[in-house]
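Me: I've got this one open on my screen. Can you walk me through what the labels rest on?

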Amino acid sequence: MDALRKQAFKLREQVAKQQQAVIKQFSGTGYESSDVMVIDEIELQRHQQLEKLYRSTRSGKDFQKELVRAAESLTAIGMKHIETGTKLSEDCCRYGSENIDDYILAKAASIYGDARKHVEKEQEEFNKLLSLQVLDPLRAMVMGAPLEDARHLAQRYSRMRQDAETQATEVSRRQARVREAPIPENVAKLHAAEAKMQELKANMAVLGKEASAALAAVESQQQRLTFQRLVALVEGEKNYHLRIASILGDVEAEMVVEKQHKESAPPVIPSDSFSDKTYFLAEAVHSFTAASDKELSLTVGDYVVVRKVTPSGWSEGECRGKAGWFPSAYVEKRQRLPTNSTEVY
């Protein structure tokens, strides 16, 4: 009989282990790679909540690390951008100062060289924003104590679940012993095992609630902070590009104006170059308002003694006792005058 009882006990233990293996397979978990069996329905719900929070905070932490790495890369690129842009600014300004005779290109180089200084200043400001508003807050959150403390609580709960599994197996074994031999000694050991099991479950309930609350608070803070830093990154980058576009837009406009002004400005001709030229009389067919002391204002019907006509479309002449430059297309030739004549009709 004793042999049969021992054989039956071993068979029941094997069946219990197989059942636990099946339970582990279908109710195994995630955080800390735990595969502890389910103790009861309440514990299962708490465990699933912790597993979800653990995964969420881990995913949030990984995303924060990705943002930190991206911000670090943008900062490094920005520093290289500043170095290259500063060199370009110096080269442009030097060319502008050393090649004054080449007016249009030299002026454009100087304008761009000065603008590059403002561009690099904006890059420096963007790098500061990345550091203060993105890198520093996210690094502090990733390495912060609240997250690690909450995750340690979840890990302690996971280890306690493993202890509970071991104790549940012990209770099952003691129950089998009592059924086989209900002697006082076996009953006392069963009661002790059950009492320990109840104590573990009570501690698990307390620790589970504490870990869930801590992880939930960290998850909320983590998502809120990450969202705020992501918005700050987007806004900072948008404003940076808008300011750069504004600077370059002004540079382009100034270059075009300088080019047009140079091409349309009356040429500077020495006065002695008129000595052997043939003058002629012209009548103003369009009004023209002088924009500088070098130019001559005209009214429709005015007669002008034209003394010089240039290929650039400007003419030099005298009208009503004043001399200056005016657009050639604004007058029409009437008759030729003797050289050096200053008479105006």
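Predicted model: local features only at pLDDT ≥ 70, side-chain atom pairs only at ≥ 80, totals over all residues.

Me: What makes a residue of β1 "buried"?

Reply: Buried means under 20% relative accessible area, exposed over 50%, and partly exposed in between (1.4 Å probe, protein chains only). Tyr 279, Leu 281 and Glu 283 point one way from β1, Phe 280, Ala 282 and Ala 284 the other way, and all are buried. The strand itself is a DSSP run (E, at least two residues; helices are H or I, at least four), numbered from the N terminus.

Me: How do you know that β1 pairs with β2?

Reply: Two strands pair if DSSP finds at least two bridges between them. Four bridges join β1 to β2 (residues 303–309), and the two run antiparallel. Within β2, Val 305 is the bridge partner of Leu 281.

Me: And what joins β2 to β3?

Reply: Four bridges again, with β3 (residues 314–319) running antiparallel to β2. Lys 308 stands opposite Glu 316 in β3. Four residues lie between β2 and β3 in their hairpin, and Gly 313 in the turn has a positive phi of about 100 degrees.

Me: Why is α2 called roughly antiparallel to α3?

Reply: Axes are lines fitted to C-alpha atoms, for helices over the stretch in contact, and angles run from 0 to 180 degrees between N-to-C directions. The axes of α2 and α3 (residues 103–142) come within 8 Å and cross at roughly 160 degrees. That makes the two helices roughly antiparallel, given the cut-offs: under 35 degrees is roughly parallel, over 145 roughly antiparallel, 65 to 115 roughly perpendicular and the rest oblique.

Methods
Residues numbered from 1 in each chain as written. Heavy atoms only, no water.
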